[in-house]
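Hi there,

Here is the structure I promised to pass on.

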Amino acid sequence: MPGLKLVDIHKAFNETRAVNGVSFKVAGGEVVALLGPSGCGKSSILAIIAGLLDPDEGELYWNGLSLKNMPTHKRDFGLMFQDFALFPHMNVSDNIAFGLKMLSIPSDERNIRVGEILTLVGLPGYENRDVNTLSGGEQQRVALARSLAPQPRLLMLDEPLGSLDRNLREQLVLDLGEILRQMNQTAIYVTHDQEEAFALADRVVVLNHGSVEQIGAPQEIYNQPASKFVAKFLGLSNLVDAEAYTLDGQTYVKTPLGQFPVQEEVFGQVTLLLRPDGMRVSDLGDYVLKGRIIKRTFRGATCRAIIEVSDIPLTFDFMANTPLPNEGEHVKLAFDPQNTIQVLRKS
Amino acid sequence: MTTQNQRTIRFVRAPKFILVWFAPLVFLAIFYFYPLGSILGISFGREQVSFATPFLDVFGSASVRNVLYFTFWQAAISTILTLMIGLPGAYLFARYNFRGKSFILALTAVPFVMPTLVVAAAFNALLGPNGWVNLVLMEGFNLPQPPIQFVNTIYAILLAHIFYNTTIVLRMVGDFWSHLDPRITQAARVLGASRWGTLRHITFPLLLPSIAASALLVFIFDFTSFGVILVLGGPQYATLEVEIYYQTISLFNLPLAAALSVIQLACTLAMTIIYTRLSTRISRPLSLQPRGFTQKRLTSWSSRILASLMIVLLLALFTLPLLALAGRSFTRLGPERGQLGDVTRGFTLDFYKELSVNRRESLFYAPPTRAIAVSLGYATATIVFALALGMPAAWALARNDSRANRVLDPIIMLPLGTSAVTLGLGFIIALGRPPLDLRASPLLIPIAHTLVAFPFVVRSLTPSLRSIRPRLRQAAAVLGASPSQITRLIDIPLVGRALLVAAAFAFTISMGEFGATALIARPEYPTIPLAIYRFIPQPGALNYGQALALSTILMVITAVGMIAIERFRIADIGEF
């Protein structure tokens, strides 16, 4: 199988386990995002793949061949650093040509390639600029160009937009995705921002404390978070403890909010996720929650309300034109348990 | 411990720490600690009643007490005067942008590297009995005697010290000030503090560590001042340094010289330790801002006038003596000894032409041109030694192991705080007898110069080595560079300029070094500063002219070295 495979990678720094049994694959042409909070081991995993760091345990394969004992500069992987690490003593063109030079590509060909790639990243004519005079966004593009130029078989991007401000980030995320697809580039994209990960990646690996929490397509992860951690990390905060039981072949969950039927077949102590967008303001229906509005926030197209139901604060989004009562007033919410309540596989 | 250290990377795996330190530490042990230890040995090892006897002798003597008192007194006055000129200058350079600023800033580096003998000769050419000012006054008012008594007064010493050390205050305080976030003072103003209140409660406390550090450094330099006092102060002023020199060279009272050196060492060591503490406090302050952010133009007329006054003062201070020196070395004004009748006054190259002539036809007398060759040879050797030892030391310091640095950094800086005369005395005592008799070795002087240059070399290399972030090496490796290619394409280009700077430091320091050289040089191989020292007190226009000509040559050589330092220093690297 073409692509990268990590099997049970471990790495500890002193007492801290930075990477704790991580396994995943990246297929050829695929963009995989490593998503997790800072300190979850993302950057260590990249350093291990790049060969800048040796794993304590575990195996690393490219196209089925072990990468063990292959030094960094022979792996033919690209890595774009968070702080870009542009060579301060070289101009833009020399920075980008560096990898090509290492491949002993003749200089006229290098120049053509540098020109092409600068156009691709949207900086045509920047060849002779001093890298120290570039803006953050320009440095980011030069760093991207530098890592793309030698056409690495795998490109790793370590929080490439992390140091840029928000507006710039939104534009660059789209451009970056475009460029990666255009070049059919196999890539690993490390980020702590789920919007970036969802916008760019074919598949997402969610990491926490050096372990994989969930692997899946962005849709899949958002629709069915596997654990409390993933749900919370995605901003899905309506988590309720429950006890599951089966009656006449149908699984029910017993919660402080009431008892509801669910699709999943489970038993015993479970954690439920109430999707934030499944509620209607109405008292018509088989399942109705009664609560009090604690806080209402206008968010443009939607309106977010924190509603206390049986002393549990829950967050729900409504269409902006929904007639919501004022803060402090009571509200009735009708919903369909099958679509709104999910049982998390891991608690 | 940083994670950077644990993330040992295959291709940059560090050699064992101690191995890197081996050469520099062995060098310091043999040529620094052993000679100093020998001085201690002479002081304490005599057959005598008690440990304190040599010091009781020293302190018991009224003349030595006077020397001690004078050493502290002149250093204190010099420091205060230097701060009075340096602090307003620092403010001007820190907070304002104006035309010609970079020129004046470059100029402020001049005194820092100018050899003491050049400066002494320069002030002599400006204000001395045969200097411009006196000659013009004598001519203008038809006076028989020079009206201004400058040479051999305390004012000559103080002025030369101000000339030397204003740069330290300008640079240290100015640099720190220029990065200080102006929003802090703006916030204070918005909160109702007056200009004066802001200065007193906000700016001054924030600047205090840098002011204190610069003042202490100035004090140390004034305290260990030697050439200036020897040449400009004349026989009636003796600091500890000068007294050690007299005791060693004229009276050959090595035990007393050694006892004085011990006192000198104790004082400078204490001050150096305090200085190192203070300077670590400056290096980690507050949220520092890039310069572009903190500086503004001179807009109001009052600020322009004040700034102009300051600029004129600094320009006069830094350029007038040196211009006077260069000009005087090409001008014949007085008659030659024994020469009668009219003298052709005006432009002349005679002083330079005379330099290669051995007029006395004496075997031991060296023509001044030989001094130039000797100095160049010593300077070349110093570059080689200083780089060979400074590179590993700087590399080790750049690895940022804070615990080891705390011990090793002060050791590296020790020679800076040790007077050159003390070093020379240590060499005479320790290296002039078995097991290490180097009296006849031509390497003795380059070794002494290397010790003096060592702190500068290490200090100029370390930031540049530190600036090679591990990230850059990693980036190169990921892009396919092998370890040797990384060294060739990343490390050396980034360090190369720093190496040039370090070499230029070693060169200029060696060319101008006087204190240690004065004690250990052999008479038939004088360096340029020694030759100047010999010429200045000799009567006659020709001797005076030759001293000034040699000084001018040394000034030009030093200026070239200094321009190289400024030119190749990587601007603002590691700053912001």
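Counting disulfides over all chains gives 0; please keep in mind that this is a predicted model. A disulfide is a covalent bond between the sulfur atoms of two cysteines. As for individual cysteines, C40(A) has a relative accessibility of 2% and so counts as buried. C267(B) has a relative accessible area of 17%, and because the cut-off for buried is under 20%, this cysteine is buried too.

Now to where the chains meet. On the chain A side 29 residues make contact, and they touch 24 residues of chain B. Together the two chains bury about 2,400 Å², with carbon and sulfur atoms giving 66% of that area. Of the area that chain A buries against chain B, 25% comes from L52(A), H73(A) and M102(A), more than from any other three residues. The elements of chain A that give two or more residues to this side are α1 (42-50), β6 (77-80), α2 (92-102) and α4 (136-148). By type, the chain A residues that touch chain B divide into 17 nonpolar, 9 polar and 3 charged.

What about salt bridges across the interface of chain A and chain B? The rule finds 0 of them. The count of residue pairs in polar contact between the two chains, with both residues at pLDDT 80 or more, is also 0.

At 15% relative accessibility, T224(B) counts as buried. Leaving aside residues up to four places away in sequence, T224(B) touches E241(B), Q264(B), T268(B) and S419(B).

Best wishes

Methods. Residues numbered from 1 in each chain as written. Chains lettered and ligands numbered in written order. Predicted model: local features only at pLDDT ≥ 70, side-chain atom pairs only at ≥ 80, totals over all residues. Heavy atoms only, no water. Buried < 20%, exposed > 50% of the residue type's maximum accessible area, 1.4 Å probe, protein only. Contact = heavy atoms within 4.5 Å. Disulfide = S-S within 2.5 Å. Buried area = accessible area lost by both parts, 1.4 Å probe. Salt bridge = Lys/Arg side-chain N within 4 Å of Asp/Glu carboxyl O. Polar contact = N/O pair within 3.5 Å; in protein donor to acceptor, adjacent residues only side chain to side chain. Helix = DSSP H or I, 4+ residues; strand = E, 2+ residues; numbered from the N terminus. Nonpolar A, V, L, I, M, F, W, Y, C, P; charged D, E, K, R; others polar.
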